[in-house]
Structure formats: C-alpha cells, structure tokens
Amino acid sequence: MDMSLFIDWPLLSLVIWLPIIGGIVVLIVGDRHGARPAALLIAVATFLVSLPLYTLFDPLTAAMQFTENHEWIPTFNIMYYLGVDGISMPLILLNTFTTVLVVLAGWEVIKERVAQYMAAFLIMSGLVNGVFAAQDAMLFYVFFEAMLIPMFLVIGIWGGPNRVYATIKFFLYTFIGSVFMLVSLIYMYNVGADAGNASFWIQDLYKLKLGLTEQIFIFLSFLLAFGVKIPMWPVHTWLPDAHVEAPTGGSVILAAIMLKIGGYGFLRFSLPITPDASLALDWLIIVMSLVAIVYIGFIAIVQTDMKKLVAYSSIAHMGFVTLGIFLIYPIFTATNSIVGAELAMQGAMVQMISHGFISGAMFLSIGVLYDRMHSREISAYGGVANTMPIFAVFFVLFAMANTGLPGTSGFVGEFMVILASFKASFWIAFLAATTLIIGAAYTLWLVKRVIFGEIGNEKVAALKDLNKREFVIMFTLAVMVIGLGLWPQPLTDVMSVTLQHLIEQASHSKL
Amino acid sequence: MENIYLAIPLSALFGSILAGLFGRQLGRMLSHTVTILGVALACVLSLVVFNHIVLDGNTYNGAVYTWAVIEGIQFEIGFLIDNLTAMMMVVVTFVSLMVHIYTIAYMHDDPGYQRFFSYISLFTFSMLMLVMSNNFLQLFFGWEAVGLVSYLLIGFWFKKDTAIFANMKAFLVNRVGDFGFLLGIAAIYVHFGTLDYVEVFKQVPNLLDVTVTVIPGEEWSLMTLIAILLFIGAMGKSAQVPLHVWLPDSMEGPTPISALIHAATMVTAGIFMVSRMSPIFEVSDTALSVVMIIGAITAFFMGLIGIIQNDIKRVVAYSTLSQLGYMTVALGASAYSAGLFHLMTHAFFKALLFLAAGSVIIAMHHEQDIRKMGGLKKYMPITYWTSLIGSLALIGFPGFAGFFSKDSIVESVHASNLAGAEFAYWMVLLGVFVTAFYSFRMFFLVFHGKERMDEHTRSHLKESPLTVTIPLIALAIPSVIAGYFIDPIVVGDFFKGVVFVDPAHTAIAELKEGYHGVFSFMLHGIMAPPFWLAMSGLGLAWYIYLKNDALAHFAYNKFRWMHTILDKKYGMDSFNQVVFAGGAIALGKLLWRVGDRFLIDGLIVNGSAKAVGFFSGILRRIQTGYMYHYAFSMILGVLVILTWFIFGSKG
C-alpha cells in the first residue's frame, strides 16, 4: 500500500487525540455492550494511523519528523509542538499496538463499569502518545502527569483488595519524582529567559549553557522523575505493589509502556541536557543498574506471587536499559573513545521494546490463569500443562524469552548491552551477565512449579485451555517476540542515526 | 550450493514446525513422515555437501542475512562450510535420522508422539545452525537453542517430578557455562571489533601481546582470558567437571534423545567449538593446560562412578562423561584431529549403545536396573550383537572404531609437552581400564548370566521391532569401519586449513611420525599398555560378574568408603544443592525481607509517608471509591501545579 498519502496528515495529533476523544465518547455513551467493539475499533484505528509513522519514517535524519507546531500558551512561549525521532517513534508504535491487545484482554473479564474501563485505557493510550511526541517540555510534563490519572483509576477501581495502599504509594512516588522535574524545567526556562530565549522547546533546552553544579541538580531531579518511573533500585518498591493490585490490563500497560517512559526520559532529557553531570554521576547509575540486575534478581527467586515475581523480573530487565543508556560514559572513561556507545544504547532501546512484548505477554498469561483460578499464588498451581497444553506452549515460550534466549527478542537487548559493557569494564559485563543464570533461575523455577508436574489440585484439573480471543493475543505477541529476536534490523536501523546524534550530544561537554 | 546449505537446516525446521503446530491435524503417521523426510533430506544433502567440500576440496563462507548492523559491525547469520563442518553435518544428520526412525517404535504408545518428533527435528535444526555458523552470534544462538531443546526433551515427561527437576538443573548448569561463553564473545567483540570467525582468526597474531587487567594489579594475557572464557562454555555443554552434574540427570528424558542429544551430538558441541577456535587456543599454553587437566579429571573420575551405577542408562551416561573427557584431553594436547575423530566414532558407537539400551528397556517393560536383567542374549540376538560391537568399540578393542580414536588420543597426550600432560596421561591410561570394566560389567549383567527378571517380564521378552533394530545395525557398521579413516582424518590433511596447530605443540606431529599404516598401528596397539589395561578390565568384569562375585563382595566390604564416595558422586550434587540453590534462596529472602521490606519500604517509604502524614491523611479521606472523586482530585492536582508554575515563575 502506498502510504505517502498520509504524509500531510497530522498523524501525531491523530494518535494522541483519536483515542482520547474516542475514549471520552465511550465514557459518555457508557453503553456496556457497545463499549467493547467501540473501544476495539478506536484502538485498531489508532494503531493503523500510527503505522505510517514507521513506513514513512526517514531513518537517515536525526531531526524531528511529522512535526506539528502551534501556539498554546503564548505568555510563556509554551507550544503545542509535536514530533518524533528514532527513539520515540518505536515507542509510540509499541503503545498503540499494546492498547489493542489490552482492549481485547479485558473483553470478557471486565464485567463492571465496562465503558469506564475501556475509556480509561483509550485515554491513557492517547496521553502516552503525547508523552512520546511532545517536543515542548511543558507539553511533555502535562501529558506525563495526566497519563497517571487513568492509571490510578484503573488500579483504584478495578484493582485488588489492597489497592488503596498501592495507589497511594504509586502516587507518592511518581508525584514526588515529577515535582522536582517540574522545578528543573522552570529553572531552565528562566535561565533561557535570562539569555534572551524564553522557551520550553526541548531542543532549546539542549543548547542551554549550564554549569556543573546546575547540571547536577537538574540531573538529580530527572533521575528522581525517571528513576521512579522505570523504576530503578532503590525507588522500585511501588511497582510490585501496583502490579499485584492492578487488573491484568493495568499491569500490561504499566509494564509494557509506562516503565519505558522512564528510559525515554533519560534519553530525551538527561543525556543531552546534562551531559557533564551524567559523566560525573555515571557511576551512580551504573551501580544502581547492576544492583537492579543482581539484587532484584535474587529477590525475584523467592517470590510466591506470580505477579510479584514478574514485576521484580521487570525491574531487573530495566536495569539493562539504564545500564545501556549510561554506558557511554564508562566506555569513554575506559577507552577514551565512544565506540560501543551506540551498541549499548541500541541494546537499551531494543530491550525496552522487547520488554514491552515479553512482560505484556507474561502479565497476560498470568491474567489468563487468574481469570480461571482467582489466585496468583504459585503454590495454587501445578501441572497446568496437562489441562492447558496450548497455553503451556506460549507460557514456556515467553518464559524463555524472559530468560533472554537467542532467537527471541529478550536476547537482543541484553546481548548488545553485555557486549558493550565489556568495553567499559570486565566487571560490569560480569555482573550484567549474571542475568543469564539468575534470570533463568527465577523464570524456570516458576515454569516448573506452575506449568509442569502432575495436576496440582481439582481446580487445575478443571482448567479450560485458551479460547480464540486469548489465542489471538498470545499468538500475536509470540510472533513479535520471535520476529524481533530473529531479525532486529528493521528496528535498529530506524534508531541508528537518532542514537548517533544523541551520543554526539551526550558526549559534548557544556562546560 | 548456497541453496543446498540453507535447505539442510531448514528442511529439519520445516518438519519440526509441521509436526509441532499441526501435529494434531496431521496425526501420528504423517507427523513422523514429515519429520523423517525432512531429516532424511538434510542427511542426503549433507552427503552431497561432504562430497563437494571434502572430496572436491571447496570451502564456503558467506552470509545468509544481516541480523543487524551497528557501528559498522555486521551481525550476521551465515555459514562457514569446510571439512570440519561437513563432517559434523554428516554425523549429526545421520545419527538424527537413525534416532528418528528408532523413535517410531520407542515412543509408539506415548501420547506426546508428535511433540516428540517436533522436538527432535527442532534439535537437528539447532545443532546444524551451531555447526554451520561462520560467526559467534549464530554460534551462541545454536548453542542456546540446542540447550532449549535439551531442556524440553529432558522434561518431555513433564508429569515426572525427577524429569522436571533434571531439565531445570540442566538448563541452569548450562547457563553457568554460557555465562562464561558470552563474556568470551564480549571480549572478542571488544578486542577484535568483529564476530566473524575468519576475521577474528586473521587478527589473532596481532593481539598476542595484549594484556588485560581483570583483578587490579594482575596482568593477564588477553588470549588466555578469551580461551578460558570460551572453554567455560564448552565445559557446560560438553559436561566437564565441575559443570558435568546435569548430564547424568538428563537420563530422565526418553532414551532416543539420550542417544541423539546427550551422547552423540549436543554434548560434543564444546569439543567442536574448541576445535573451531583452535587459532585462539593454540596461542595460549595456559589455556591448553587447563583444558587438558579438566578433561583428564573428567575422563577418569566420571568413569569411576560408572562402575557402581545400576541403571543401564546411567552407566552409559557416565561413560559418555568419561569419553567427553577423553576428547577434551585431546584438545588440550593440541591433538584436535584426534579429539574430533573420537567425537565422530563416539557419536556412532555411543548412539548405538544408547539405542541398544533403549531396546533392552522396551523388552524389559521399562525396567532399567541391570541387577534385574541377565541372560538377554538368547532373547534379543540383534540387540546383543550390536551391543557387543558398541562395547568393543567403546573400550577400544583393536579393529573397532574406538580403538583408533582412543589410541590416537592416548598417544598424543603421551607426546604432549605442556604442563599437566603427565598427569593427563596417567588419567587417560587408567581410564582405559575403568572403561573396559564398567562397559563389560554392564554387558555381562544384561546379556549373560542368570535371568534375574520376574516371570512375567521373562515370558514377554522378545527382540525389538525392525524400526529399532535397523538403526542399531546401521550404527553398528560405522562403529567398526569408521576407525579406518584414521589415515586421512588424524594423521592426514583432513583438517588442514581448518584446525590450526602451533608448530611447538608436537603431539600430532609425533603421532604422524610413528604412523605406518592402519595395520602397523593396530599391531603397535596390541603391544601397548592401553590394550592390556582394557583386556584386564574386561577380564576382571568377566571374572567377577560371570564366574565368581566373591571378589566384588570383598572389595565392597573393604572399600565401602570408596563406594560411598562414588555413590554420592563425590558430593558435588549435594554441594550444589546446599550452597548454590540453597544459598540463592536464602540470599533472595534476606534481600527481600531486610532490603526491600524493612529498609526501603519500612524505614524510608512508610517513614516519609508518615512525615507527610497530613497529605496522606487527606488522601485517605477521599478514598471514596467513586471514579469522579479520583479524577477530580487528580485534575485538581495538575491544576494546582500549573497555577503555581504560572504565578510562581512570574515572580
């Protein structure tokens, strides 16, 4: 199909506002039967609209593409400025893709307040697209905060028994994190204003002259905002609680999409705005990332709740993202060259996309079991393969992807980051590579206890295998996981030039 | 030719996908037909390739597709086809084909029939990708893919608790090896800037003097570090001490895969890999010594455990461990050709022994304890004679395949001048005695002597069907004749240009010098110590298990401590269970309870929450559960922030 037809469309506005307005309509109409097909239609339409972002994307430039620029709050020179590059475009596609699956996943399971549920996910999807597309820092901030509202609602309304604690914890963490970021943004606006260019345009922030102390404070405020989001040790404890209480769809979006905003923030803000502080404090990020990989891995081993286990596994996997993003500095320190930085950053990006598929698939799989058994306790299961053979095949596949098996997407990012980290130091590579053993240990032990063995109890004996709807979801994710594992080039190629440009910015001192 | 290379792994994969995804629709008959046809095609094409590469003297090195290009480094999927690859392809596809055919009968009554065929074809695909690779990325892919299939097949009977423990253990132990392997690959990426074999080997001479500092204050040779890291990978896959612990337990899987994966092919991947990397290993005497010593320990001490095993499959499994040790020793002595030659002969006779054991197991109604067998010779003549051939080949009886390959190994270790060579020589020499003893202990207990099975089993004893016996016969033939290829393969130029040997490592050169044709080699063999050691092992087994078992009782009573040590497998399983498995769980609990729950959540988070008690108090009050309340408070929050910003920044 010739997609150039779409080139003049405001595609980014469409992927933001189509689901938001669609969601509001669903909410207002509030019809519990019509809500499902309407939501699916909107989600699929948004996904289709997002496709030209990939097919029409020019991989040879690092400049923003599909840009839209309108005045919003002229007093403060705040613009409605949208655009994507090689970093944000794949994340938008991941989001529109995942939203379709989440709508499908809630199809029969959600029986109360169906319209509100569907609306919440649609609106959230649009807001997240806004986060990735915003080129004005204030616009970014508005989307960044607004996106949390539907997530709080999803956990708070359709969540588990302990949802209040989880929501407050989630709220406090993210709120405290982002407030400091807001202060930093305003500070930088004022610095710009003093220099005669009062602007929230992110590209303008890159050009700001900032001293090391200023940079360090700004860097730390970003670290709080994005470190909580992704999340990094030691500000991670909200995530397992939020996951456990969230309904399946909430967990999927949380793991597959929301965590990525943290990684995206580091790439979009921290590295180019505060390169010198990033260099000065790289050790902090590296240590926190390695702690996430090793420490969190060990914690995952002893979890008795499936969702908690996968939540901890997510944190460990996100350790590779932050490690990959910041490896540029230790590599530079060790080798006096930035060769290897792109491999590391590609690894971080691929890991984010891949984790979107794999963690989404893992949480959906747990959802499939939970819908039937109403328990997340590992000990409540055993021998599921006997009664759900098709499900078992998918579960084992996704588990293997989670352990980073080559041929699945889970391998690609980890492989790249481990290879690149060897440039920086043998010991960083050594500690990162322990995931091969620890990751396999917690994942396979989970598989052994849940999937294999004799039928554990009568409830397991009564289990029904996947229905058609569930099969389609699982199959789609399986195709993505294997496809990206066997051939990551279509992804790495669109990111390459953008990442090279970013590496240049990040290695260019502002002092 | 390119298309043929590609067709070989893909035909196996195609069969696997059909049987795996559509097994239910295809039914049993069609499922085994498509997979067998796929592997048969792969086997025939491998022979074509062998002819093209080996006999016509060609080599091929090319990419299939680009996986990714980053910073100018090509990550590719591609094939390097030379004599080594061609030999491996023939061995893998031939043994796989035999195992496929054998499976028809062996798994006849199993509900997972189609799944099994799908797995073994998938294995064949993965193994082919491993041996055909021309770069480290694909090598690692194949490496882990065979590990995955091994995991799936050890746990094939997933209701069995022991099976699903064994498969997890196998995967995890292999991951320890892969951990080292991946670091080795990372080191290669960093220092060579490419993952392509040929490019890497080309640069080795330039990097001989490079040192790296891993532990502050210690300078290590880069090549030694890389070689040892890669070898750690080989130790996992090829089950060398101390990463051998998974292999005996892998016998929980169905017998055909014990033959294919855990004897003939997958476990030899480490041997193959080290030989492929000979340009790297050859420049580090330290690494070679490590390889030789680890191999020697495995060869002897694992053989010893084989003596006291009573499960027919476990005897063969320990024998496999020991033989893998022999191959590894050969690598350490720079006698790659001898190691690879043993890899090939061993693939035939060990697959044969496993399949024969499976044939016995079928006849015995899945009884695997050799103490409950005996006198099977008259019931199962084909299994008997083929087992005899396999056993004679294994102990290195002159004229049989194992004789040539094992004698080459023993001779080259004898000739090696590296540190540890003397120790290795004694180990492999004593190992010959041990091998002969446990092999014929089993052979006599199974096929000769009193019939110790119960009456019901005895009345049903019969020879296995043709689909079982044909593979046995087909494997028995190369178990005899493969040895006569010693001339081209070990002392000839078969691996010239493929395997690199430093002129200072003279083991094979000395072997060549003393070699004057097959028959003088045999004659010389009959006069050398290994032959007499093998004969005394065989004789002792005969005396004890057929004539007079008083000696066994005497030894058992006198050396009970030794029996205990062997029975406990030197305590390694218990050690791993307590220290590594138990330690990981204890550490996990500690970190979770103290780190996450007490320190982070208890002190910092909930502490701060109390500090902002006023704020959370308000929040708690408005937790009403109504959607609009939540939405309202959130929007309010954002508005407050925005207002603050608008008015705050003005000032």
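Tutor: Let's start with handedness: a crossing is left-handed if the near helix is turned anticlockwise from the far one by less than a right angle, and right-handed if clockwise. Helices (H or I, at least four residues) are DSSP runs, numbered from the N terminus. By that rule, helix 14 of chain B passes helix 16 of chain B in a left-handed crossing. Keep in mind that this is a predicted model, where local features need pLDDT of at least 70, side-chain atom pairs count only at pLDDT 80 or more, and totals for chains, interfaces and linings use all residues. Residues are numbered from 1 along each chain as its sequence is written, chains are lettered from A and ligands numbered from 1 in the order in which they are written, and side-chain values use heavy atoms, with hydrogens and water left out.

Student: What makes helix 14 of chain B roughly antiparallel to helix 16 of chain B?

Tutor: The axes of helix 14 (residues 336-363) and helix 16 (residues 401-415) of chain B cross at roughly 150° and come within 9 Å. Axes here are lines fitted to C-alpha atoms, for helices over the stretch in contact, and angles run from 0 to 180 degrees between N-to-C directions. Angles over 145 degrees count as roughly antiparallel (under 35 is roughly parallel, 65 to 115 roughly perpendicular, the rest oblique). So helix 14 of chain B is roughly antiparallel to helix 16 of chain B.

Student: Which residues make the contact of helix 14 with helix 16 of chain B?

Tutor: Contact means heavy atoms within 4.5 Å. Helix 14 of chain B brings in residues including B:Phe341 and B:Phe349, and helix 16 of chain B has B:Phe404 and B:Ile409 among its own. By class, this contact of helix 14 with helix 16 of chain B has six nonpolar, six polar and one charged residues. Ala, Val, Leu, Ile, Met, Phe, Trp, Tyr, Cys and Pro count as nonpolar, Asp, Glu, Lys and Arg as charged, and the others, Gly among them, as polar.

Student: Why are helix 9 and helix 14 of chain B called roughly antiparallel?

Tutor: The axes of helix 9 (residues 255-264) of chain B and helix 14 of chain B cross at roughly 160°, coming within 9 Å. Helix 9 and helix 14 of chain B are therefore roughly antiparallel to each other.

Student: Is the crossing of helix 9 and helix 14 of chain B left-handed or right-handed?

Tutor: Helix 9 of chain B passes helix 14 of chain B in a right-handed crossing. Among the residues that meet are B:Pro256 and B:His262 in helix 9 of chain B, and B:Phe354 and B:Leu355 in helix 14 of chain B. The residues of that contact of helix 9 with helix 14 divide into nine nonpolar, five polar and one charged.

Student: How many salt bridges does the rule find across the interface of chain B and chain A?

Tutor: Across that interface of chain B and chain A the rule finds one, while the count over all chains comes to 21. In the same interface, 70 residues of chain B are in contact with 89 residues of chain A.

Terms used. Helix = DSSP H or I, 4+ residues; strand = E, 2+ residues; numbered from the N terminus. Salt bridge = Lys/Arg side-chain N within 4 Å of Asp/Glu carboxyl O.
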